[in-house]
Amino acid sequence: MTLAIFFRCSLFAKSGELSYTELAMIKQILTSFAWFRVLRAVCILVPVLVFGWLLNQYFAFGGRLVTHYSFAKDLRDQEQIISDLQPAGRVSSPEADLDSGVQYRRWRLEPIYFDVFMPRLYEKATVSLTYSNPSQKFISLGLRKGNPEIANTFDFQPLENKIIDHSKWSLLYDQANDISFLQEDNDFKSVQDFFNNVPRDKKVGVFNVNFHPPIILPDYAPQPGRLVINSTLRGRHVFYTYIKDEDLDLHFTWQDINRGFGADPVNVEIMHNDQLVKNVSLADDGQVTPSGLTSQPTDFRLQEADLPEGVYTIIFNITDDVFIRSIDTAQHLFVAENTLFLAAGEDYKQQIPDLDLAQTQVFSDALRLRAQTTHDTGLQVIDINGQSLILQTLGAPQAWNSPFFDITESAAAAAGLARPDITTITVPKNDVQLFANGFYAFTPDSYFNPRRNIVELTPDTPAVDLDYLLFSHYTPPGKRGKWLTTTASFDIRADHLQEGGRTLNFILSAPGLDLVDDDILIRDVTVTLEKKPFSFSKLKDFFARL
Amino acid sequence: MTTTRLSAKIEWQKTVHLAFVATVIFYLVCLVSEQFIPGFVSFYFPLHWVLWVVVIFALLDGILHWGVFKNRMKKF
C-alpha cells in the first residue's frame, strides 16, 4: 500500500505540480502506521545490530579480527587496539598529502614501537604496512618476546631489503625450506648443492636465515696462560670462543645491584653448532625489590672436557641488574658479539665501591658503531681509531661511521687504500652501551671472527664484495605509486604476551634512518589477528568440561 | 487538531519514546560491558557518543510529551 502511494507521488512529482490531493497523499505516507512500524523496528534493530557487531569484534566468531591504525583517533586521543606509534619524538604528527589527501606520519628516528591489544587470545598476528621509503636499505618488524626487564629481545621479520630487491643475480629457490639463493655466476645448480659444498674462500651474505656452517680455524693451537677480562659488563652478553684439544674453562664473577624489581638469576648457555652443550642456572641473591643493596661478589667456574673442535657460543642471560665483574678463561680467542655494555662508570661507584673507573679499550671489526649512555657521568668523547664519537645526549645512540663503511674491500684496494681489519675503541668514562654488527675483543690477540666468510646482512654491515646471497621468508614489498605494501606474520606464543597477557609489543626498525636524508612515511598499519573460528562442537566441548 | 494529525503525533511520540528507551538500554549495556571488558566499546567508538544520542532522544521525547506533561502538572 505504502509503496503504491510512493509510486503514484513520484509520478505526480515528475509532472512538476503537486495538487492538494497529492499533498494529502504525502501526508498520508508520513502519518501511515506502516512507516511508524518500520521506524520503531529500526530504533530497536540499530542498537541490537551495533551490539552484535561489538560482540563479533570481541569474540571474532569467524576467527579473524582486522584492525587499522587510525590517524584520526590519534588526534582524539581515543583508546585503540593498535596503540600510537612511540616514542612521540621519533614520528611526526599526522600529515596529509596535498594532492591526494592521504594521511601519513613521518618516521624520523628509529626504532619505533606500537602495541596491539588483543581482546581475546589469538594464534597468529599479521601486520601489513603501507609506507614510502626512498632510501633506507633495511626495514624490519619485530615482536617482543620474554620479559623486557630481563632482555630486550624480539622475533624479527624482514619487511624490506633493498639489496635483495635490486639484485640482478640469478635466483635458486628451495621450496621445501623456503630458502632463496642468489648467485652472480651459475656456480650451483640447486640450494642443496650449495649447502653440500659451501666454499670457504667466497663471501656469503645471509639474510633472515639461520645459516651457521661449522667453522674450522686450520692454524689454531691452544696456548698456555689465561685471558683475564677485568672490564665490568652489565646485562646480557653473547661471547664466542674457539676450542681445539683443550677443556672449556671459564671462571666469572658477578654482582647484583638490585636497582630493578624482580629476581636476577644468572643463566649461562654454551652452544656449539646451534646445539646446547651446557646450561647453568645460578639463583638470585634473594633481593627482589629495588633496594639498591649490592650483593657480595659471587664467582662460578664452568668447565667442560672432551669438546669437539669448533666455535662455541657462551650466552649470559642476565638482567641489567647483574654486573659481570670479571671473566677469566683458559681460551685465548674470546670475543663479544654486537652489544657491549661497559659498566664501570661513576654512577655505580656508590653501589660498587671497588669499581675500577679506568678507561676501557676494546678492539672491534665493526665499521659502524653506535654508543649510548643514560647517565650524566657517562657523557664523554669516545676515541675510535683517532676519530671522536661525542656522547652529549642521554639515551640517544650516537653513530660513528668508518670512512671505509661504504667502500668494498676491492674498491678500497683499487683506490690504493687499506681498509683496517680492527678498530681500537677507547671509552674514557665507561657507562656506555656499544652496538655494532661485529665482534669486540678485550685484547688484540684474543680477537677472531667466528663467522669467517659468512656475512650477516644488517644495516650496520659495511659494503662488502659478496659472492652469494642466501635469504629466507622474504617477499619483496608490492609497489603502488610511491607507496609500498608489505606484510609480516608471527605465530603468537606465550612468551610474546606482555602486560596482562593480552598485549603484543611490536618494534619497527630501520637502523641508520638518522643517517639518511629521507624520512619513511607511514601511511597505514593493519593488523589481522587470527584464531580458529567459532564452532558449535567447541561450544559443546566447553559445556561438557563444566 | 484533526484526528489524523493527532494520531500522527501520538505515533511520533511512541516512536521517539521507544528510540529513547532503546538507546538508554543500549548505553547501559555498553557501560556494563565496558566495565567488565575494558575496550569492548571504547576501542571502536567513545561511549559518550552513545550518551549524546540518548540526550538528543531525551530532548525530542521531552518536547513531544511537553503537552502531556503540562496537562498533568495542571491537574496536579
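1. B:E34 has 14% relative accessibility and therefore counts as buried, where buried means under 20% relative accessible area, exposed over 50% and partly exposed in between (1.4 Å probe, protein chains only). This is a predicted model, in which local features need pLDDT of at least 70 and side-chain atom pairs count only at pLDDT 80 or more, whereas totals for chains, interfaces and linings use all residues. Residues are numbered from 1 along each chain as its sequence is written, chains are lettered from A and ligands numbered from 1 in the order in which they are written, and side-chain values use heavy atoms, with hydrogens and water left out.

2. B:E34 lies in helix α1 (residues 3-36) of chain B; helices (H or I, at least four residues) and strands (E, at least two) are DSSP runs, numbered from the N terminus. The side chain of B:E34 makes a polar contact with that of B:S42 at 2.7 Å, the term denoting a pair of N or O atoms within 3.5 Å of which, within protein, one must be able to donate a hydrogen and the other to accept it, and residues adjacent in sequence count only if both atoms are side-chain atoms. Not counting residues up to four places away in sequence, B:E34 touches B:G39, B:F40, B:V41 and B:S42, contact meaning heavy atoms within 4.5 Å.

3. In chain B, an unreviewed UniProt entry places the feature "transmembrane region" at residues 15-37 and 49-69; such annotations may be inferred rather than shown by experiment. Residues 15-37 of chain B are 96% helix and 0% strand, with end C-alpha atoms 32 Å apart, while residues 49-69 of chain B are 95% helix and 0% strand, with end C-alpha atoms 28 Å apart.

4. β10(A) runs parallel to strand β28 (residues 454-456) of chain A, joined by 3 bridges, and pairs in the parallel sense with strand β29 (residues 468-472) of chain A over 4 bridges; two strands pair if DSSP finds at least two bridges between them.
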